[in-house]
Amino acid sequence: MDFDAIKAKAEGYRADMTKFLRDLIRIPGESADEEGHSRRIKEEMEKLGFDKAEIDPMGNVLGYMGTGKTLIAFDGHIDTVGIGEITNWKFDPYEGYEDDESIGGRGTSDQLGGIVSAVYGAKIMKDLGMLSDKYTVLVAGTVQEEDCDGLCWEYMIKESKIRPEFVVSTEPTDGGIYRGQRGRMEIRVDVKGVSCHGSAPERGDNAIYKMADILQDIRALNENAADDKDIKGLAKMLDEKNNPQWKEAQFLGRGTVTTSEIFFTSPSRCAVADSCAVSLDRRMTAGETWESCLDEIRNLPNVKKYGNDVKVSMYEYSRPSFTGLVYPIECYFPTWVIPQDHKVTIALEEAYKGLYGDTRIGSQETEAMRKARPLTDKWTFSTNGVSIMGRNGIPCIGFGPGAEAQAHAPNEKTWKDDLVVCAAMYAAIPSTYTK
């Protein structure tokens, strides 16, 4: 493979990728409102000569290049979060900016830059005659990830029968190759009480007080040492005696749980609350399942103390996509990790080393920090890999432009060098894998 030719082609598309990304930034596209992004990406695919480009019934934009027997996919979600408090921004988040090194705007790192590089990576394969009867490339611009990670791929795999041999996630990786992430789930705890007049609270049963007891147990579950005799903390899963998957758990990091929302009902401000509920954000490491996580909450001392007055459940997501399609799913996003010695991991490392060497690279602003980190690592946050590999067992791995720390932050930006590097990598990966 001519790595120098690939790099030169990618560099030649620097200005085109910058323009494409800036076009996407100017189109607001929060979850379930991505139609403008889908149409603009399809337009670019058609302009660049993709063999097929279409928008599926959910709103995902799918571009195919080549006709080979092995399907290799590149996934980039095309929805963004909102802008938050506008006074925290130093520039218009939808107009953005560019200078010699960087591009600013909502979605630049998380993760419109990824789909831009993937589209041009496929174009480079075509330019250089790298397409063969060995593989077909699918570039998928997927919807609703910020709302419900993996829902798009659950639909594509189950309903459209799209099942690649492996998927490269183009989520931001700070110049590294990421082979896994902790999972997550959204848990709800409901507590019942009995209201009465606030002047005589002893006549009622205050649901908020019950919940206060339970919340202390939830806090202890997150913070206690693993061997605490009353509530064993979540660090227990890093210990060989508690978890057959402890090595991967140590790689991904311990699970966590935190209270993210609280709700109540009461007849008035002069009454005892008759219900209280909380949402829990539960991050899961290797070896944890939705059943184990729900049982952990159900077995907390104060949950058991209040018995039938407490219900522990999992949320469901059923918001329509921008096309109106509803595809309900549990809010469970499994942990996944691809082995260090897997053929896909090796293929990405070989492609990277052939192009750029043994260490992460970046722009002047990012290079020093990146070089201090291992080339192959993992995400802190969650990605569509929760469905691709977590639910469906399709190997998934990550390499994408931008920085994880830029995700959901004001003044979000990415780097032009990253767009170029990732386009080159995406062009090289299929041939490295199928050689």
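## Q111 in helix α4

Q111 sits in helix α4, which covers residues 108–127; helices here are DSSP runs of H or I with at least four residues, strands are runs of E with at least two, and both are numbered from the N terminus. The model is a predicted one, in which local features need pLDDT of at least 70 and side-chain atom pairs count only at pLDDT 80 or more, while totals for chains, interfaces and linings use all residues. Residues are numbered from 1 along each chain as its sequence is written, and side-chain values use heavy atoms, with hydrogens and water left out.

Is Q111 buried or exposed? Q111 counts as buried because its relative accessibility is 0%, where buried means under 20% relative accessible area, exposed means over 50%, and partly exposed lies in between, with a 1.4 Å probe and protein chains only. When neighbours within four places in sequence are left aside, Q111 is in contact (heavy atoms within 4.5 Å) with D75, G76, H77, T170, E171 and P172.

V139 belongs to strand β6, residues 135–142, and it counts as buried because its relative accessibility is 0%. Not counting residues up to four places away in sequence, V139 touches M45, F50, V61, L62, G63, F74, I115, A118, V119 and A122. V139 and A53 are 86 residues apart in sequence, yet their C-alpha atoms are 9.2 Å apart in space.

S260, in strand β11 (residues 256–265), has a relative accessible area of 46% and is therefore partly exposed. Beyond residues up to four places away in sequence, S260 touches S279, L280 and D281. From C-alpha to C-alpha, S260 and M1 are 50 Å apart, with a separation of 259 residues in sequence.

Helix α6 (residues 207–223) has 17 residues and reaches 24 Å from its first C-alpha to its last, close to the 24 Å expected at 1.5 Å a residue; the expected span is 1.5 Å times one less than the number of residues. The buried residues of α6 include A207, K210, M211, I214, D217, I218 and L221. An α-helix has 3.6 residues a turn, so residues three or four places apart point the same way. The buried residues of α6 pack against β10 (183–192), β11, β12 (275–284), α8 (290–298), α9 (301–305) and β13 (310–314).

Helix α10 (residues 343–356) has 14 residues, and its reach of 20 Å from first C-alpha to last is close to the 20 Å expected. Its buried residues are V344, T345, A347, L348, E349, A351, Y352, L355 and Y356, and among the elements that cover them are α1 (3–12), β7 (166–169), β19 (396–398) and α13 (416–434). After α10 comes G357, whose phi is positive, near 100 degrees.

## The chain as a whole

The protein chain holds 13 helices and 20 strands, and 58% of its 435 residues are buried. Along the principal axes, the C-alpha atoms fill a box of roughly 80 × 45 × 45 Å.

Among contacts between residues at least 6 apart in sequence, 76% join residues at least 24 apart.
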